[in-house]
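I opened the notebook to record what I looked up today.

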Amino acid sequence: MPSKKALVRRPSPRLAEGLVTHLERTPVDVELALRQWEAYVEALDAHGWETLEVEPADDCPDSVFVEDAVVVFRNVALITRPGAERRRDETPGVEEAVARLGCSVNWIWEPGTLEGGDVLKVGDTVYVGRGGRTNAEGVRQLRAAFEPLGARVVTAPLATPFSEILHLKSAVTALPDGTVIGYEPLVGSPSLFPRFLPVPEEPGAHVVLLGGGKLLMAASAPKSAELLADLGFDPVLVDISEFEKLEGCVTCLSVRLRDLYA
């Protein structure tokens with residue numbers, strides 16, 4: 001049976017100092033962000049996910065975006081080396097969490113850089129965004145870690161207009177049937193994906209697969225939710241407005257572990 005565990009990490013009290021790369025900085029309400037995070041975790045719990053809290057990293061403003069610190073394929077956890085140097089202190093707590101779950105732990109080593117937001121898994125295909133926070137050496141090390149396990153690694157260059165986004169999964173994610181969805185103005189090469197479906201809003205490109213056709217989505221993408229509902233999926237909307245101010249989305253607030261061995 002597939003596992004349904006999700007790593008999450010409580011927002012830092014310094015969240016408002018989080019990095020902003022492509023957006024104009026606007027004030028972040030940290031108390032509201034905490035309530036939104038709690039509602040996000042409750043949504044995972046309500047749909048059968050066992051949420052496991054990684055040790056908080058209060059001195060790391062971006063640490064709530066826990067997905068960037070690790071990429072997991074089957075039972076192998078690859079601890080990343082973030083391209084944003086100030087985020088590298090976020091990884092030790094995540095390493096401890098995946099080790100407790102029995103994962104085999106590997107690491108991205110200097111000069112490689114890799115952030116989990118640049119990695120989209122669709123079955124055994126692993127798309128890796130190259131550019132911004134992930135470099136060629138990071139892609140090479142990911143390939144060396146995962147291809148022996150049966151992964152097919154495909155590099156997706158974050159060239160113009162991909163350069164307008166932070167990570168690959170800022171532009172695309174995938175539906176349960178493997179169709180990749182994205183906000184077309186930000187997707188440089190839709191032909192890279194065997195099946196691609198455009199959505200009408202940028203936040204609508206981000207879905208977390210909850211199981212049974214249910215899709216966790218941001219409340220800021222109602223038109224996209226309507227489109228996906230019309231296709232037979234069941235959107236579950238959460239308000240993550242404070243995290244969106246920091247270029248966050250529903251995918252980066254958790255690490256979903258579906259293929260851990262019993």
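Which residues lie nearest the centre of the second largest pocket? I looked them up in this model, which is predicted. They are Leu 23, Ser 170, Glu 202, His 206 and Glu 247. I noted that 14 residues line the second largest pocket. By class, I listed six of these as nonpolar, four as polar and four as charged. For the volume of the second largest pocket I wrote down about 270 Å³.

Next entry: the largest pocket. I found a volume of about 670 Å³ for it. Its lining is made up of 29 residues. Nearest the centre of the largest pocket I found Lys 121, Val 122, Leu 209, Arg 256 and Arg 258. I then checked which elements give two or more residues to this lining, and they are β3 (70-73), β6 (119-122), β9 (172-174), β12 (208-211) and β15. Sorted by class, the lining of the largest pocket holds 15 nonpolar, six polar and eight charged residues.

Last entry: Thr 251. I located Thr 251 in the loop that runs between α5 (241-244) and β15 (255-257). Is Thr 251 buried or exposed? I put it down as buried, because its relative accessibility is 2% and the cut-off for buried is under 20%. I also looked up the contacts of Thr 251, leaving aside neighbours within four places in sequence. Thr 251 touches Glu 67, Lys 169, Thr 173, Val 207, Val 208 and Arg 256. One of these, Arg 256, I had already written down among the residues nearest the centre of the largest pocket.

Definitions and conventions: Residues are numbered from 1 along each chain as its sequence is written. This is a predicted model: local features need pLDDT of at least 70, side-chain atom pairs count only at pLDDT 80 or more; totals for chains, interfaces and linings use all residues. Side-chain values use heavy atoms; hydrogens and water are left out. Helices (H or I, at least four residues) and strands (E, at least two) are DSSP runs, numbered from the N terminus. Buried means under 20% relative accessible area, exposed over 50%, partly exposed in between (1.4 Å probe, protein chains only). Contact means heavy atoms within 4.5 Å. On a 1 Å grid over the protein atoms alone, a cavity is a set of points where a 1.4 Å probe fits but cannot get out, and a pocket is an open set with protein on both sides within 12 Å along at least five of seven lines; lining residues have an atom within 4 Å of a point. Grid points are joined across faces, edges and corners, and a volume is the space filled by probe spheres set on the points. Ala, Val, Leu, Ile, Met, Phe, Trp, Tyr, Cys and Pro count as nonpolar, Asp, Glu, Lys and Arg as charged, and the others, Gly among them, as polar.
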